[in-house]
Amino acid sequence: MRSIYILMVGVMFSMTVKAQDRTPLYLDATKDIETRVEDALKRMTLDEKIRVIHAQSKFSSAGVPRLGFPDFWTDDGPHGVRPDVLWDQWEQAGQTNDSCVAFPALTCLAATWNPQLSLLYGESLGEEALYRGKDMILGPGVNIYRTPLNGRNFEYMGEDPFLASRMVVPYIQGLQSKGVSACVKHYALNNDENFRHQVNVIVSDRALHEIYLPAFKAAVTEGKTWGIMGAYNLYKDQHNCHNAILLNKILKQDWQYDGVVVSDWGGTHDTDEAVTNGLDMEFGTWTDGLTMGATNAYDNYFLAEPYKRMIKEGKYTTRELDEKVRRVLRLFYRTTMNRQRPHGFLCSESHYEAARKVAEEGIVLLKNAPVSRENGVKGAEKPLLPIDLSALPTGEHGGRVLVVGENAIKMMTVGGGSSSLKVQREVSPLDGLRNRLKGFEVDYARGYVGDVTGDYNGVTTGQSLNDSRSEAELIAEAVEKAKVADYVIVFGGLNKSDFQDCEGTDRKEYALPYAQNALVEALVKANRRVVFVNISGNAVAMPWIKDVPAVVQGWFIGSESGNALASILVGDVNPSGKLPFSWMESLEEYGAHALGAYPGTWREGGKIIDEEYKEDIFVGYRWADKHKLQPLFPFGHGLSYTAFEYGKATIEPCEMSQQAADAPMYRLRVEVRNIGDRDGAETVQLYIRDIKSSVPRPVKELKGFRKVVLKPGESREVEFNITRSHLSFYDDAKGEWVAEPGKFEAWIGSSSTDIKSKVPFVLE
Ligand code: BGC
């Protein structure tokens with residue numbers, strides 16, 4: 001009996017050992033990813049390999065079912081998880097569990113100047129994506145703000161490569177910490193929307209490397225993004241989704257990128273180029289799904305049957321294919337095959353809180369002047385904001401706070417192109433203020449009618465915004481109500497409709513649309529206590545600026561919009577956002593427009609439009625500085641309800657460690673004190689100036705920033721390290737970054753024009 005038992009145990013033991021033996025390497029979680037990738041690759045058939053490098057539906061690509069790799073699901077991006085569309089049509093799938101939290105648009109995130117919030121943003125979005133079964137979010141976007149007409153600037157992080165780099169890295173890290181891939185877009189030089197499939201960008205190597213690439217490079221080398229999306233446009237006459245220089249040379253060779261290059265939807269144009277020039281996954285080609293299909297349209301993708309045929313005919317070996325598949329498998333192990341991946345949750349209070357925090361820190365107080373008022377509201381000598389509740393009469397007095405404008409009531413999460421969302425809730429500015437000002441009278445006047453539609457791809461806001469009154473009637477009503485108000489708060493700006501802040505088109509003009517200027521001018525004549533809250537992702541012309549005491553930049557801030565705006569306007573939260581771009585008075589003060597370098601010139605034949613970035617490296621404040629232009633609101637500008645005092649900056653050399661690649665050379669210190677009577681946060685900015693150089697350099701460039709929170713009377717010493725890379729420019733003759741010995745200055749500022757102290761130092 002005993003010997004039978006021993007025999008059975010022995011057999012079971014050897015079965016276990018055999019079962020373990022049989023665990024294929026590619027499924028063995030104790031092995032490193034590269035080993036598993038190679039093992040999986042060896043097992044895959046040609047068909048299986050071809051299948052994983054292109055889409056199988058609008059947003060998914062196939063896994064390898066035979067080997068246990070599930071389908072791979074992407075989704076927009078970048079401000080929330082886009083609702084599901086049908087398998088092969090853009091119409092809604094009609095799910096009832098795909099409403100999400102809308103986080104603030106990326107311009108707002110950049111305006112927080114707070115990398116910690118970017119991390120929180122990425123984490124929260126990652127959790128929403130997981131719940132929704134998405135493995136890759138198509139975002140974040142980091143194309144540089146070159147012209148305020150770009151319809152897609154709201155999806156990006158402003159004009160400065162340093163700021164965008166610091167803000168994009170934590171977003172990626174947060175998202176990917178949840179096992180959801182980022183897909184940083186649109187690589188590269190996608191700086192306007194009109195004719196985005198035809199624009200061929202002509203740009204110097206220097207501007208490419210100093211202005212347009214740094215945020216992508218940081219996303220790759222520091223953020224370790226697993227995905228990058230090629231842009232629609234061309235560079236050196238080659239589409240960027242299969243561009244030899246951008247993808248093979250810079251991205252994969254120089255930056256050692258090991259993730260996938262995903263085409264923008266419909267951005268692939270040629271099999272040979274797609275095979276050889278660095279594209280790994282093709283999406284969105286022939287998306288009608290009907291006309292081109294053999295079995296289905298996806299077989300006709302450039303990287304599907306046509307590619308397979310070329311391999312079979314011997315035009316290509318599987319060398320390029322294997323390289324693409326390796327990258328895709330790596331992506332699978334990082335996401336769908338990551339057994340540690342959490343489950344995620346949707347629309348949680350923690351996500352609303354994250355959205356609200358980003359919104360509250362990103363809203364920028366642009367102007368805040370005092371107004372004298374005849375009928376004697378207390379505190380008239382103080383700046384107009386925050387709304388002084390103690391001076392507001394309650395009760396029957398009538399409308400004390402008058403809210404005006406379509407943007408006070410219009411839902412902004414629907415529209416704008418692929419970043420459009422289906423939200424569980426979106427608090428409008430009017431509702432936000434009404435909730436916050438309970439007990440006071442908050443009246444509303446429409447003021448102007450903009451775009452009353454509210455749908456995108458079958459998601460509708462359900463709002464009925466039709467109003468047939470004439471411009472004059474709308475203005476007259478608002479003026480009448482303004483006459484008896486203590487505060488007039490106008491919510492205007494742009495919206496997410498075509499030719500506003502919207503993918504696929506650029507704005508037609510810098511001016512505010514829909515007769516808003518006439519409205520504002522009429523209102524300030526009736527009542528000086530006007531606050532203009534600009535809802536947009538772009539700067540706009542403000543010809544009435546001298547007459548309007550308070551102006552707030554309110555961005556597109558998603559679900560928590562009204563709550564966040566109300567807390568800033570009432571002063572529950574002290575504003576601390578700073579502009580991530582220069583806000584010029586007129587369009588001609590932007591380099592691209594001053595030089596007629598937008599939108600480019602059509603080539604003969606009408607197929608390609610050449611857009612030469614003639615302003616070169618002088619984008620945004622670099623252009624304003626060079627031409628001594630005073631912006632209406634400079635880059636880095638943003639006011640607070642408290643005030644900060646800066647000490648004198650000091651600098652000292654650091655002990656140089658030979659080992660570290662980009663070791664600190666100098667340490668700069670500056671003390672900042674809150675001299676007002678409220679808690680507040682200040683973003684201290686470090687700009688570097690090269691005094692003498694062999695090449696033209698910007699007057700100064702942002703190379704550091706720190707956001708500090710200070711109580712009244714509190715002070716803090718802020719420290720910056722200055723490294724060689726902060727002093728370098730891209731030498732296009734040598735093809736490398738160079739720091740020339742000589743004199744430099746470190747400037748400490750509260751904005752790019754409000755410079756508090758300057759200290760000289762030398763690079764030996
Ligand atoms: C946009 C991308 C987006 C994709 C998928 C394209 O038109 O340019 O940003 O991720 O569509 O919706």
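Predicted model: local features only at pLDDT ≥ 70, side-chain atom pairs only at ≥ 80, totals over all residues.
The ligand sits in the second largest pocket. Around the ligand there are 14 residues. Asp 76, Arg 152, His 186, Tyr 232 and Asp 264 come nearest. By residue class, this shell holds seven charged, five nonpolar and two polar residues.

A polar contact is counted when the two N or O atoms lie within 3.5 Å. For Asp 264, a polar side-chain atom lies 2.7 Å from a ligand oxygen atom. Asp 264 is also among the residues that come nearest to the ligand. In the side chain of Glu 503, an N or O atom is 2.9 Å from an oxygen atom of the ligand. For Arg 196, the distance from a polar side-chain atom to a ligand oxygen atom is 3.4 Å. The ligand taken alone exposes 310 Å². The protein buries 95% of that area.

Aromatic rings were examined next. A pair of aromatic rings is described by two values, the distance of the centres and the angle of the planes. The count comes to 32 aromatic pairs. One of them is formed by Trp 113 and Phe 705. Trp 113 lies in the loop between helix 4 (106-112) and helix 5 (115-131). Phe 705 lies in strand 25 (residues 701-710). The pair therefore ties together parts that are 592 residues apart in sequence.

Technical notes:
Residues numbered from 1 in each chain as written. Heavy atoms only, no water. Near = heavy atom within 4 Å. Polar contact = N/O pair within 3.5 Å; in protein donor to acceptor, adjacent residues only side chain to side chain. Areas by Shrake-Rupley, 256 points an atom, 1.4 Å probe, with all protein chains shown as cover. 1 Å grid on protein atoms, 1.4 Å probe; cavity = no way out; pocket = protein on both sides within 12 Å on 5 of 7 lines; lining within 4 Å. Sits in = over half its atoms within 2 Å of the grid points. Nonpolar A, V, L, I, M, F, W, Y, C, P; charged D, E, K, R; others polar. Phe/Tyr/Trp six-rings, centres within 6.5 Å; stacked < 30°, edge-to-face > 60°. Helix = DSSP H or I, 4+ residues; strand = E, 2+ residues; numbered from the N terminus.
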